[in-house]
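Dear colleague,

Please find below the structure that I am handing over to you. My findings follow it.

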Amino acid sequence: MDQLLETVALIVGVAVLSAVADRLRVLPPILLVVAGVALSYVPGVPAYDLDPEIVLVFFLPPLVYAAAIGTSLPTFKQNLRPIGLLAVGLVLFSTVVVGLVAHAVVPGLPLAAAFALGAVVAPPDAVAATSIARRVGMPRRLVAVIEGEGLVNDATALVALRVTVAAAVSGGFSWVQAGGQFVLAVVGGVAVGALVAVAVSMLRRHTEDVTLDNTRSLLTPFLAYLPAEQLHVSGIIAVVVAGIYLGHRAPIAQSAGSRLQQQVLWRTIEFLLQGTVFLLIGLQLRHIVDRLSQPAGTVAAASVAVVVAALVARPVWVFPVTYLTRLVPRVRERDPMPPWQYPAALSWCGMRGVVSLAAVLSLPRTVDSGAPFPQRDLLVFLTFVVIAVTLIGQGLTLPTVIRRLGLRPPDPQEDTLQEAATQHRAVQAALARLDELVREDPPPDGVADELRRHAENRRLFAWEQLGGDPGVGSDGSSRDRRETPSAAYRRLRQEMLNAERRIFVQARDDGTIDESVLRRVQRDLDLEETMLRRE
């Protein structure tokens, strides 16, 4: 019962603090971590001890899958080179740099254990980095690269951690063996993820039940992750591959109802899991500090050195690979030299989070000889320091950095123009198909005309969006402009839907109709209202 109450308290805390963050215009992950740290020292607050297996098995697969199904496969493929250089190259580089620094500054820390710490703090948090990048208005390509990096770097870091922990436990380290294990884990993860994705896609073709499809969607990340881990390959890579493929196929392989419900479902799951883990990161502090046994001077020196190494490793890698790879003529022709502001912005998007905490807590407590894992408690504390400094420090300053660099977000007018042009072609195709069907089998009178009118309304609305707000001028002053036809249609139809809804609610209250009838009609009205907001 106590655990249930603690879980409910966590969820309530996530909801309240997220609402406060929205009101204060502060990113929720930052406020949740800070609030968690403060609450960890409040008398009476339980000392939460986060089980790494719960994070790695229960939290991480659905979080990665939720991000993967929303990732554009064409954009991912277009940016595969920079994503690979960051998600694989930078993670391994950071692992080595942080490991060597930790080995040098922490007395008695074996090299393998130091590399394990490097693997733990190497991957930036996908959730924090992407949410901050979107909110501060970074250019679309930078957001795509950060998003892709966040999907793959977790897998790289966890595979590297597995190799280094095995070396630390056994007492030996082989670069050749480590490289072979890494390649096997990645290739195997891709294979498992592809098999799961194809199987789920085939099942979707034979299922029209929305609830069953949503249940399958909930199970997919675990169906990819668990078998891959049992085969000792990368479960995260398997989840990423399955998610990107199924997300890419969703427009043609899923029903409209499934897509609508799945969006809401995964947004809710993301909100709850992300918020809970970030709050737990802060709540862990007291528990972590209480277990430290090293002298304060050693802890302070190691903290500063590891944080600096983690921060410096990113720009030291990003700037050279950004420009050196473009010395190759074929690469430069496809992707010209970017302004220095681009690698500068990428260099400051190194916030650590969920994966780092779960990874360090998964370190074994003993080695093969039965002795304790080398300085495990110190490694846990150093990881927490890196998470706190990067998440709070870089997260709070990133908007200022982006503004000082002069980077601009995507132009909404250009997006609207592209959408209008595509909508124009889509309506033409729809009308042409309608004409074919009418010639083959004429419908009752008036049906074809109503369908043509509806299609024309969609085309008109797409072009009308380019005019902006009909009541506000470009200089912010009010304009006396007539309401557009599409705006008038939406306004009047909305009032009609409200009137219909009131009648059905009144009939339910009077006992004229059953609650099930109201719910069925309500669903139809809600779907039309949802579409109305897009028309």
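The backbone oxygen of leucine 161 lies 3.0 Å from a polar atom of the threonine 164 side chain. Threonine 164 belongs to helix α8, residues 140-170, where a helix is a DSSP run of H or I with at least four residues, numbered from the N terminus. With a relative accessible area of 5%, threonine 164 is buried, a term that means under 20% relative accessible area with a 1.4 Å probe, protein chains only.

Please note that this is a predicted model, in which local features need pLDDT of at least 70 and side-chain atom pairs count only at pLDDT 80 or more, while totals for chains, interfaces and linings use all residues. Residues are numbered from 1 along each chain as its sequence is written, and side-chain values use heavy atoms, with hydrogens and water left out.

As to the whole chain, 22 helices and zero strands (E runs of at least two residues) are present. Of its 535 residues, 45% are buried.

The axes of α5 (residues 80-105) and α6 (residues 111-121), which are lines fitted to C-alpha atoms over the stretch in contact, come within 7 Å and cross at roughly 135°, on a scale from 0 to 180 degrees between N-to-C directions. α5 is therefore oblique to α6, as the angle is not under 35 degrees (roughly parallel), over 145 (roughly antiparallel) or 65 to 115 (roughly perpendicular). Residues in contact (heavy atoms within 4.5 Å) include Val96 of α5 and Phe115 of α6.

Yours sincerely

Definitions and conventions:
Buried < 20%, exposed > 50% of the residue type's maximum accessible area, 1.4 Å probe, protein only. Polar contact = N/O pair within 3.5 Å; in protein donor to acceptor, adjacent residues only side chain to side chain.
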